[in-house]
Amino acid sequence: GGVIAIAAVILSFLAYNKYIVEPKEKEAADELAFPKRYFEEAQNTTAAVDSLYNLSLNGADGKYGLIDIADNYGGTKAGNLAKYMSGIAFLKTGDYESAIKYLSDFTSDDEMLAALALGNIGDAFTEINQLEDALKYYVDAANIKDNNFTSPLYLNKAGQVAMQLGKFGDAETYFSRIKNSFPASEEAKNIDIFIQRAQLAKK
């Protein structure tokens with residue numbers, strides 16, 4: 001009886017994946033193709049960017065936009081990616097509260113993408129002058145996985161915000177970490193200037 005019960009559970013799981021999950025994933029991926037085109041175009045042009053982001057968010061011609069896909073297919077990979085793209089689109093068009101909402105709902109096993117999501121939440125908090133929150137997200141983004149792109153990028157942003165908050169010792173720590181751990185990064189080129197500013201402000 002126990003063996004039969006276990007077999008029934010396994011078969012139910014396999015059937016659920018084949019007949020429910022897989023078709024839903026394909027449907028979501030097909031729906032994402034339309035808004036993704038406008039999102040990518042907005043990322044690669046300087047003309048009518050807001051219009052392109054709005055098209056990607058809201059859809060057109062009966063096609064779903066990113067918001068619809070995130071809301072209706074949130075449990076799929078495409079739906080999850082739509083949350084990230086929605087967050088970026090809202091950030092670029094100045095709707096910072098919505099950017100924070102959608103980026104916070106996004107999850108990823110990809111450490112680079114996860115760091116970018118956290119860092120962009122930090123950017124949104126910076127825009128609405130919630131600097132303590134911004135600092136937290138920048139530090140979290142920098143610490144997800146050491147690499148020469150996101151780590152120094154968000155350590156630098158953390159340092160700049162820490163300076164604004166009067167946390168000069170913390171700022172010096174963030175800037176010094178860029179110098180010592182990521183000397184080949186773009187942010188390291190003028191880092192000594194920022195370290196000195198933090199040291200002087202601390203005195």
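Colleague: How many aromatic pairs does the structure hold?

Modeller: The structure holds eight aromatic pairs; rings of Phe, Tyr and Trp (its six-membered ring) pair if their centres lie within 6.5 Å, with planes under 30 degrees apart counted as stacked, over 60 as edge-to-face and the rest as tilted. This is a predicted model, in which local features need pLDDT of at least 70 and side-chain atom pairs count only at pLDDT 80 or more, while totals for chains, interfaces and linings use all residues. Residues are numbered from 1 along each chain as its sequence is written, and side-chain values use heavy atoms, with hydrogens and water left out.

Colleague: What makes Lys-101 a charge over the ring of Tyr-102?

Modeller: The charged end of Lys-101 is 4.2 Å from the ring centre of Tyr-102, and the rule asks for NZ of Lys or CZ of Arg within 6 Å of the centre and within 35 degrees of the ring normal. Arg-37 also lies over a ring face, that of Tyr-38, at 5.0 Å from the centre.

Colleague: Which residues of α6 and α8 meet?

Modeller: Met-112, Ala-115, Leu-116, Gly-119, Asn-120, Asp-123 and Thr-126 in α6 meet Thr-150, Tyr-154, Lys-157 and Val-161 in α8, where contact means heavy atoms within 4.5 Å. By class, the contact of α6 with α8 has five nonpolar, four polar and two charged residues.

Colleague: What is the angle between α5 and α6?

Modeller: Helix α5 (residues 96-105) and α6 pack at about 160°, with their axes 9 Å apart. So α5 is roughly antiparallel to α6. The crossing of the two is left-handed. In their contact, the residues divide into eight nonpolar, two polar and one charged.

Colleague: How do you know that α9 is roughly antiparallel to α10?

Modeller: Helix α9 (residues 168-181) and helix α10 (residues 191-202) also pack at an angle of about 160°, and their axes are 9 Å apart. That angle makes α9 roughly antiparallel to α10. Among the residues in the contact are Phe-168 and Phe-175 of α9 and Phe-194 and Ile-195 of α10.

Technical notes: Helices (H or I, at least four residues) and strands (E, at least two) are DSSP runs, numbered from the N terminus. Ala, Val, Leu, Ile, Met, Phe, Trp, Tyr, Cys and Pro count as nonpolar, Asp, Glu, Lys and Arg as charged, and the others, Gly among them, as polar. Axes are lines fitted to C-alpha atoms, for helices over the stretch in contact, and angles run from 0 to 180 degrees between N-to-C directions. Angles under 35 degrees count as roughly parallel, over 145 as roughly antiparallel, 65 to 115 as roughly perpendicular and the rest as oblique. A crossing is left-handed if the near helix is turned anticlockwise from the far one by less than a right angle, and right-handed if clockwise.
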